[in-house]
Amino acid sequence: MIRIGNGYDIHRLVRDRPLILGGVNIPHELGLLGHSDADVLTHAVMDAMLGALSLGDIGHYFPPTDPQWAGADSLKLLAQVNQLIHAKGWKIGNLDSVIVAERPKLKPHLQPMRDRLATVLNIPADQIGIKATTNEKLGPTGREEGIAAYAVVLLVKEEGELGK
Ligand code: MG
């Protein structure tokens, strides 16, 4: 009656793009490149939710080749994934995540991110963990070539949905 899923994503840092993480627009001279708004944290969370039910990944539901997702607000996609897991009789028990970014300092933005995700997922913010770490200047994230995110999600069967 419980399922676990994990998700990972990375996007390239470039000039002239907004930096959006967990639905929060963060002031920075670089932003994330992607077909949608490139919200790497939200993408990792969605992949973890889908993975928990063996439903594939977000590329399957929102293919980057499809123009309707160009510049998409990833929180809207997250709401759709949440609907999908509820339709299958599951809800989020808790989720935990890590953002790997050398800069900017993300600590002041973590609580607003939790609040945004909590609102979209319709769960209390205390069921959402968001942590940030640097990569000690190592690798592509450490060289500020990109920002990565990891997420794990625990799903629990909704009451009255047993056997669905
Ligand atoms: Mg992505």
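Modeller: Start with Glu144. Its relative accessible area is 23%, so Glu144 counts as partly exposed. Buried means under 20% relative accessible area, exposed over 50%, and partly exposed in between (1.4 Å probe, protein chains only).

Colleague: What should I know about the model itself?

Modeller: This is a predicted model: local features need pLDDT of at least 70, side-chain atom pairs count only at pLDDT 80 or more, and totals for chains, interfaces and linings use all residues. Residues are numbered from 1 along each chain as its sequence is written, and side-chain values use heavy atoms, with hydrogens and water left out.

Colleague: Why is the contact of Glu144 with Arg103 called a salt bridge?

Modeller: A salt bridge is a side-chain nitrogen of Lys or Arg within 4 Å of a carboxyl oxygen of Asp or Glu. The closest N and O atoms of Glu144 and Arg103 are 2.8 Å apart, so the pair meets the rule.

Colleague: What does the pair tie together?

Modeller: Parts that are 41 residues apart in sequence. Glu144 lies in the loop between helix H5 (139-142) and strand E7 (146-157). Arg103 lies in the loop between E5 and helix H4 (107-121). Helices (H or I, at least four residues) and strands (E, at least two) are DSSP runs, numbered from the N terminus.

Colleague: Is Arg103 exposed or partly exposed?

Modeller: Partly exposed, because its relative accessibility is 35%.

Colleague: What makes Arg143 exposed?

Modeller: Its relative accessible area is 51%, and the cut-off is over 50%. Arg143 forms a salt bridge with Glu145, at 2.8 Å between the closest N and O atoms. Glu145, at 37%, is partly exposed. Elsewhere, salt bridges that share partners join Glu29, Arg103 and Glu144 into one network.

Colleague: How many salt bridges does the rule give?

Modeller: The count comes to 4. Among them is Lys131 with Asp96, at 2.8 Å, N to O. Lys131 is in strand E6 (residues 128-133) and Asp96 in strand E5 (residues 90-100), so this pair ties together parts 35 residues apart in sequence.

Colleague: Which residues are the protein donors of the magnesium ion, and how do you know?

Modeller: Asp9 (OD), His11 (NE2) and His43 (ND1) lie 2.0 to 2.2 Å from the magnesium ion. Donors are N, O and S atoms within 2.8 Å of the metal (3.2 Å for Na, K and Ca), so these qualify. Water is not among the atoms, so sites may look incomplete.
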